Amino acid sequence: MIINGVTIDATFAEAFPMKATRAIITAQNEKWAMIAAQAMTGFATSVIACGCEAGIERVLSPEETPDGRDGVSVMIFAMGGKSLAKQLETRAGQCVLTAPTSALFAGIESDIKIPLGKNLRYFGDGFQIAKKISGKRYWRIPVMDGEFLAEATTGQVNAIGGGNFLVLATSQPQALAACEAAIEAMRKIPNVIMPFPGGVVRSGSKVGSKYKTLNASTNDAFCPTLKGATTTDLSPDIESVMEIVIDGLTKEDIDKAMRVGIQAVCDLGADNGIRRISAGNYGGKLGPFHFHLQEIMA
Amino acid sequence: MSALTFSLKTQPAQRVDLSPLVPQLLQGLSIADIAAIELQSGKAKLRVDELFTIEGDDTQNIIIKNSTAKLDFIGKELENATITVEGDAGAYLGIGMKSGTIKVTGNAGLYAACEMKNGYLEIAGNTGDFLGAALPGNKMGMKGGTILIKGNAGERVGDHLRRGTILIEGNAGDYCGSRMTAGTIAVMGNTGKYLGYAMRRGTLLLWNAPQLSASFNDCGSHTLAFLPILFASFKSLDSKFADASVAFNRVQRYAGDMAEIGQGEVLVKL
């Protein structure tokens with residue numbers, strides 16, 4: 001398959017099951033809601049060492065937030081319910097509770113509830129106040145700038161992590177420009193996050209390593225400087241490869257995000273140095289969800 | 001199916017205990033069975049059909065027409081059903097109700113919604129003392145749900161209130177929110193003396209400055225983030241509370257009752 005001179009490989013991206021949640025952060029204005037959201041989703045690019053993958057889903061208008069203020073929705077993905085709850089609690093406590101004027105609300109409904117403000121309330125040292133409004137429990141925690149309002153719990157749902165595609169280009173600036181275009185388009189899709197810095201990862205990994213202590217290492221088949229030194233997957237004209245990783249609530253959400261992302265890359269086309277789109281295919285070692293590039297772009 | 005309607009034929013001489021006429025006890029009964037139920041009235045027992053004409057068959061939707069203030073215990077421990085009272089209701093309206101809706105077009109007597117557990121109770125007129133309170137000797141009043149009073153409420157509103165919301169469009173009498181453990185009482189009109197007497201926790205939300213006891217301490221003026229959420233929850237009500245123009249988030253906060261544990265609050269609109 002070739003779109004605008006860009007070859008779409010006959011391969012698939014492998015993804016794996018995760019647990020996910022969404023929280024809504026509001027603040028006095030969008031600037032401070034975004035600061036809290038960025039802090040909360042910081043150091044959360046990969047479960048390999050961060051404990052979770054997190055990202056900003058989108059900015060919310062005051063009409064869309066529970067308290068009528070500017071807001072940002074964030075999503076957190078982890079390998080299990082316990083680690084998700086732990087990550088959510090520590091990040092909410094250290095990054096949102098601490099951020100001036102912020103408030104924190106549940107962003108997803110589910111029968112499985114995980115604590116949001118439920119345990120943070122103890123920061124109130126006995127001065128905290130519970131309010132049950134329309135069936136939802138909120139905690140009002142006195143803090144130095146006024147009151148931190150946090151909904152007691154949010155929902156936990158099954159989700160998918162590790163959807164991805166690789167952009168193969170004739171130069172590093174062209175690969176990055178294509179990825180930037182893809183991320184801009186993909187950020188308009190709900191229920192997905194691209195957890196890496198700016199949504200783009202330049203150090204894609206393969207499963208396993210020659211070193212026993214590591215369970216992931218550089219994807220040497222796609223490293224352009226190793227074209228002559230390893231079993232490469234790159235043609236001589238490829239000088240740079242970047243990857244976009246997508247975590248989403250459902251397979252359909254990831255399908256949609258991959259489609260608009262790959263389309264945005266292909267719109268730049270061969271004229272802008274984009275040669276191929278491939279995917280992180282680990283021969284079935286990584287996960288049960290397979291995203292076939294050519295099916296997605298059909 | 002049409003609503004099961006009890007139309008009062010004549011004013012009863014004595015007070016009448018209407019607690020047997022609740023949906024959960026009438027389910028599956030024929031009109032004849034219902035007519036034969038005996039109601040306690042003073043020392044006497046009266047058959048339902050001596051007091052009421054009975055029409056309709058939907059036991060989950062009951063209407064009491066020509067109701068008077070002598071009909072007590074209407075909607076006792078109501079579960080998942082609707083009761084509409086056309087006229088006044090007596091004492092203990094909706095006592096211990098668990099879920100569902102009770103609406104009264106007139107006034108209600110003492111102890112309305114006392115020890116209510118959940119659901120929605122609306123009184124278009126005034127209500128007597130001990131609205132949403134605990135019965136004498138008990139420690140826990142209303143535990144959940146919403147009460148809307150469009151008129152005035154008597155004394156001791158929400159005595160021992162544990163959880164839930166009481167909304168009063170008019171005035172509240174003395175000792176409003178006394179001994180409350182938690183929950184919210186909002187009063188648009190005026191409040192009487194000894195507001196929040198011995199309250200432990202909970203919120204008294206007022207539109208007009210109250211006469212506060214010395215055991216309430218001023219905590220200053222604040223913009224509170226939970227108030228817009230609280231007011232948004234009133235939007236579906238047929239009430240002044242649903243009007244966005246009455247909502248506010250800027251308040252003077254008083255903590256009390258300091259003679260108790262002092263974790264309650266009186267919030268007064270600024």
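Visitor: Which residues does Val167(A) touch, not counting residues up to four places away in sequence?

Guide: Two residues are in contact if their C-beta atoms, placed from the backbone, lie within 7 Å. In this predicted model, Val167(A) touches Ala175(A), Ala178(A), Cys179(A), Val241(A), Met242(A), Val265(A), Ile274(A) and Ile277(A), once residues up to four places away in sequence are left out. Residues are numbered from 1 along each chain as its sequence is written, while chains are lettered from A and ligands numbered from 1 in the order in which they are written. Because the model is predicted, local features need pLDDT of at least 70 and side-chain atom pairs count only at pLDDT 80 or more, whereas totals for chains, interfaces and linings use all residues.

Visitor: Which residues of the largest nonpolar core touch the most other members?

Guide: In soluble globular proteins, nonpolar side chains tend to be buried together. A nonpolar core is a set of buried Ala, Val, Leu, Ile, Met, Phe, Trp, Tyr and Cys residues joined through C-beta atoms within 7 Å, and a residue is buried if 20 or more other C-beta atoms, placed from the backbone, lie within 10 Å of its own, exposed if 12 or fewer, and partly exposed in between. Here the largest such core has 169 residues, of which Ile25(A), Val167(A) and Val265(A) touch the most other members. Its largest share, eight residues, comes from strand β3 (residues 12-27) of chain A, strands being DSSP runs of E with at least two residues and helices runs of H or I with at least four, numbered from the N terminus. Domain 1 (2-14 + 158-297) and domain 2 (19-157) of chain A both give residues to this core, so it lies between them.

Visitor: How many residues does the contact take from domain 1 and from domain 2 of chain A?

Guide: The domain bounds come from an automatic or database domain assignment, and the centres of domain 1 and domain 2 of chain A, taken over C-alpha atoms, are separated by 30 Å. The contact takes 13 residues from domain 1 of chain A and 14 residues from domain 2 of chain A. On the domain 1 side, strand β12 (residues 157-169) of chain A gives the most, with three residues.

Visitor: What does each chain give to the contact between chain A and chain B?

Guide: Chain B gives ten residues and chain A gives 13 residues. On the side of chain B, β15 (217-223) and α4 (226-232) each supply at least two residues, and α4(B) gives the most, with four residues.

Visitor: Which strands pair with β9 in chain B?

Guide: Two strands pair if DSSP finds at least two bridges between them. Strand β8 (residues 82-87) of chain B runs parallel to strand β9 (residues 101-104) of chain B, joined by four bridges, and Val85(B) stands opposite Val104(B) in β9(B). β9(B) also pairs in the parallel sense with strand β10 (residues 120-123) of chain B over four bridges, where Tyr120(B) in β10(B) is the bridge partner of Thr101(B).

Visitor: What share of contacts joins residues at least 24 apart in each chain?

Guide: Among contacts between residues at least 6 apart in sequence, 39% in chain B join residues at least 24 apart, while in chain A the share is 74%. Chain A has five helices and 18 strands, and chain B has four helices and 17 strands. Buried residues make up 46% of the 298 residues of chain A and 49% of the 270 residues in chain B.
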